[in-house]
Amino acid sequence: MSNIAGKAYAMNVITPIKSYWAWINKLIFWAAIKFPGALTGLITLSLIHYARWVILKDSEFPHLAKEQPKEKLHYTYMLFFSNFNGSWDQYVDSFTFAIPGGLDLFWKWNIRYPKSVTLTPFHKYIRYNQIETIHYYSAYPLAAANDVKAAKQVKTALTQFHQDSQTLSDDEFMAGYKTLLRGLQHDLGDMYPTPIVTMAAYEVQERKYKHEREQAALAGGENG
Amino acid sequence: MAKRNPNISGNAYALTILAPIKNGYTEEQIAYADIVRCRLQDWNNQDYSPMTQVPQTYLCRYYVLDDVYTESLPGADPRSRWLDLLTALPFGGIGNKLRVGMLPKEDHLQSRYLVFSCNFHGGPEGDLDGYLRGMWQAISGQIKDIWGFCYGFEEVDNADKFIAYMKKCQLPAALFFVGSNDDPLPEQLKALYLKQEFANFAVANQGLDAAALRANFKAFIERVQPNDVNGPTWPAGKYTV
């Protein structure tokens, strides 16, 4: 089991909702797509790589063979998948403290949803309905969502400076270089693993050591 | 006007797969779903996830959905909050019977499902076929290993059949939120490599005169080749540059 891949945490939550309320939820999601301003809170939180909601009733569960029994359920179900940075508590609490209204809007029609305030019932609700990930993969395990966005800024500014600096004098180059660093001061920064907050993070650390040893062996081979 | 694909946001694609696992057991009486779980668990012990080989995969996860949950704790709705007070009614267990009768209903799934949730770069048109073809070409052995116990997978022995099978198992997103950027993965990895290397360069080259700094910067650019995504980069899934 591993909900963690480097700096990313995979959360899976499945919650029941009555079919007639599911339509309201779909309508709210549709409105959020049409009016992206509704998602400003999520963007501001800045700790999510990707998140999605899926709503399905029993007849919509994939049915692949005659011998597969068909699902017969009282409720429709809402599946939530999130890829975020930080620990479980940091993530859940950041919603509660930053955008409780938005969170409640997305879940309020779900059966026995306790609301995001107060914290303890909300924690219990998420824990109870959460499913553990067995295998989680991130293409950039040391990067937070902000690192991915910052890296694009660095690449753009660096290539532009390299191109513009070809004809400059040394002094002009120095001035331009300082301007480049000042402009990128929020985007630079070495990427390191997060502190160990769970045993899964320990496994991440172990894998990092393996990769470092492999890298060192490779470098040794090249030098030798 | 073409209908909007709910799985696409910008150039990112949200793929959600629920593949029903056969309700069977091995000769050793191990449920097929548990075999799937064990095989996925084994991926965690490898130095690199097999998914590193699948082009354009940003993040993905696998889990087994055994069943759905029954809600019994009180929610924020007044009905569920006051329900517990029914136990205070006189005449023995009548109040409690009423309370239990009003609890949410219990649901159970008929099959267990292998859930594969993936975020990948699909471009503005969401090239799902291209992604799945790349997945099959890269890790068809592992795919057969994991999906082999699922209903309807028996016939899958090439990329086209895999694509058709996965589309039958696909669920549309009701809402897909992208908080990262949606560039092609090699672009993202190259940018992360540059960010890491340039941060180290800036630290290591403080206090130099202009000529020395310029010479070092020139050597740095020649080494990192910023415009070549196929040149030095941060390999997918790796914990060091």
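Student: Which strand of chain B does strand β5 of chain A pair with, and in what sense?
Tutor: Strand β5 (residues 135–138) of chain A pairs with strand β3 (residues 57–65) of chain B in the antiparallel sense, over 4 bridges. Strands here are DSSP runs (E, at least two residues; helices are H or I runs of at least four), numbered from the N terminus, and two strands pair if DSSP finds at least two bridges between them. Please note that this is a predicted model, in which local features need pLDDT of at least 70 and side-chain atom pairs count only at pLDDT 80 or more, while totals for chains, interfaces and linings use all residues. Residues are numbered from 1 along each chain as its sequence is written, chains are lettered from A and ligands numbered from 1 in the order in which they are written, and side-chain values use heavy atoms, with hydrogens and water left out.

Student: Which residue stands opposite Y137(A)?
Tutor: C60(B), in β3(B), stands opposite Y137(A).

Student: What is the strand order of the sheet?
Tutor: The sheet is open and has 5 strands in the order β5(A)-β3(B)-β4(B)-β2(B)-β1(B), with antiparallel pairing. β5 of chain A and β1 (8–9) of chain B each have a single partner strand, so one side of each is left without a neighbour in the sheet.

Student: How many bridges join β1(B) to β2 of chain B?
Tutor: There are 2 bridges between β1(B) and strand β2 (residues 12–21) of chain B, in the antiparallel sense. In that pairing S9(B) stands opposite A12(B) of β2(B).

Student: Turning to the chains, how much area do chain B and chain A bury between them?
Tutor: They bury about 9500 Å², 62% of it on carbon and sulfur atoms; buried area is the accessible area (1.4 Å probe) that two parts lose on being put together, summed over both. In chain B, L175(B), F177(B) and Y239(B) lose the most area to chain A, together 11% of what that side buries. Chain B brings 107 residues to the contact and chain A 105 residues, where contact means heavy atoms within 4.5 Å.

Student: How many salt bridges are there between chain B and chain A?
Tutor: The count is 5 salt bridges, each defined by a side-chain nitrogen of Lys or Arg within 4 Å of a carboxyl oxygen of Asp or Glu. One of them joins the side chains of K195(B) and D147(A), at 3.4 Å from N to O. Helix α6 (residues 185–204) of chain B gives the most to the side of chain B that touches chain A, with 15 residues. By class, that side has 62 nonpolar, 28 polar and 17 charged residues. Ala, Val, Leu, Ile, Met, Phe, Trp, Tyr, Cys and Pro count as nonpolar, Asp, Glu, Lys and Arg as charged, and the others, Gly among them, as polar.

Student: What are the domains of chain B?
Tutor: Domain 1 covers 8–68 + 108–168 and domain 2 covers 183–241; the bounds come from an automatic or database domain assignment. Their centres, taken over C-alpha atoms, are 35 Å apart. The contact between them takes 6 residues from domain 1 of chain B and 8 residues from domain 2 of chain B.

Student: How much area do those two domains bury?
Tutor: Domain 1 of chain B and domain 2 of chain B bury about 560 Å² between them, 59% of it on carbon and sulfur atoms. On the domain 1 side, Y48(B), Q56(B) and Y58(B) lose the most area to domain 2 of chain B, together 61% of what that side buries.
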